[in-house]
Amino acid sequence: MKLLFVHGWGFDASLWDAVIACLPDADLVRADRGYFGGAAWPTVEGPCLAVTHSFGSMALLADPPADCRGLLAINGFDRFAEGEGKAGVPLRVIDRMLARLEGDPATVLRDFHARLGSDVPQGKPDTARLRQDLTALRSDNQREATANFAAPIIALDGADDPLLSAAMRAGQFADAADLQRETLDAGHLLPLTHPELCAAWIERLRVAA
């Protein structure tokens with residue numbers, strides 16, 4: 001069972017290093033959204049499991065592999081911005097980030113990572129790629145894709161997430177046919193702070209699939 005890893009906005013594929021180190025025998029590929037280098041969205045043939053972080057969950061739901069047997073959404077969501085009576089990040093916050101991104105992407109990234117407690121990845125920021133996916137965070141809604149996702153979804157969250165409020169977390173993936181949630185005493189960086197636990201959930205999903 002191949003594993004497909006998809007990182008979130010403002011990160012790169014190295015986010016998964018510690019998790020993958022806990023899975024030494026796994027057959028895996030990493031997607032890269034291209035914020036700090038070349039973008040890569042691998043085509044996965046045959047059965048696979050998706051492991052996503054943050055915006056990576058929306059990106060995966062928008063274009064899932066044909067034979068995806070399960071999704072482990074870590075600090076993930078299927079809609080980010082407020083709207084339609086649902087809890088979400090205020091549009092004004094995202095609009096402010098978009099406005100600042102054009103002139104000073106380095107500062108936007110520094111402030112974003114400082115809020116989460118992480119470091120900005122190495123490399124020159126690709127403003128166009130960052131803007132494209134930040135715009136998707138503002139406007140896209142993958143709740144219909146969640147409802148149509150024909151495999152189990154496990155939502156792994158942090159109770160102290162500075163990005164996703166409790167109301168947001170409660171509403172994520174609510175339309176999934178097969179949903180399991182676990183909330184930890186942690187923040188928005190579970191692949192970095194709790195890699196062993198993330199790997200354990202991957203193994204559980206592999207067994208169930």
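Modeller: Helices (DSSP runs of H or I, at least four residues) and strands (runs of E, at least two) are numbered from the N terminus. This is a predicted model, in which local features need pLDDT of at least 70 and side-chain atom pairs count only at pLDDT 80 or more, while totals for chains, interfaces and linings use all residues. Residues are numbered from 1 along each chain as its sequence is written, and side-chain values use heavy atoms, with hydrogens and water left out.

Colleague: In which loop does Ser54 lie, and what is its phi?

Modeller: Ser54 sits in the loop that runs between strand S3 (48–53) and helix H2 (55–62). Although Ser54 is not a glycine, its phi is positive, at about 55°.

Colleague: Is Ser54 buried or exposed?

Modeller: Relative accessible area is computed with a 1.4 Å probe on protein chains only, and a residue is buried under 20%, exposed over 50% and partly exposed in between. Since the value for Ser54 is 5%, this residue counts as buried.

Colleague: Which residues does Ser54 touch, not counting those up to four places away in sequence?

Modeller: Contact here means heavy atoms within 4.5 Å. By that rule, and with residues up to four places away in sequence not counted, Ser54 touches Gly8, Ile74, Asn75, Gly76, Phe77, Leu163 and His188.

Colleague: What distance separates the C-alpha atoms of Gly103 and Ser54?

Modeller: Gly103 belongs to helix H3, and its relative accessibility of 69% places Gly103 in the exposed class, whereas Ser54 is buried. Along the chain Gly103 and Ser54 are 49 residues apart, and their C-alpha atoms are separated by 25 Å.

Colleague: How many salt bridges does the structure hold?

Modeller: A salt bridge is counted where a side-chain nitrogen of Lys or Arg comes within 4 Å of a carboxyl oxygen of Asp or Glu. With that cut-off, the number of salt bridges in the structure is 10.

Colleague: Which residue forms a salt bridge with Asp95?

Modeller: In this pair the closest N and O atoms are 2.5 Å apart, and the partner of Asp95 is Arg138. Asp95 lies in helix H3 (residues 91–103) and its partner in helix H5 (residues 127–139), so the bridge ties together parts that are 43 residues apart in sequence. Asp95 is partly exposed, at 32% relative accessible area, and so, at 31%, is Arg138.

Colleague: Which residue meets Arg100 in a salt bridge?

Modeller: The two side chains come to 2.9 Å, N to O, and the partner of Arg100 is Asp111. This pair links distant parts of the chain, 11 residues apart, with Arg100 in helix H3 and its partner in helix H4 (residues 105–116). Arg100 counts as partly exposed at 34% relative accessibility, as does, at 35%, Asp111.

Colleague: Which residue meets Glu102 in a salt bridge?

Modeller: The N to O distance in this bridge is 2.7 Å, and the partner of Glu102 is Arg131. Glu102 is in helix H3 and its partner in helix H5, so the bridge ties together parts that are 29 residues apart in sequence. At 44% relative accessibility Glu102 counts as partly exposed, and so does, at 32%, Arg131.
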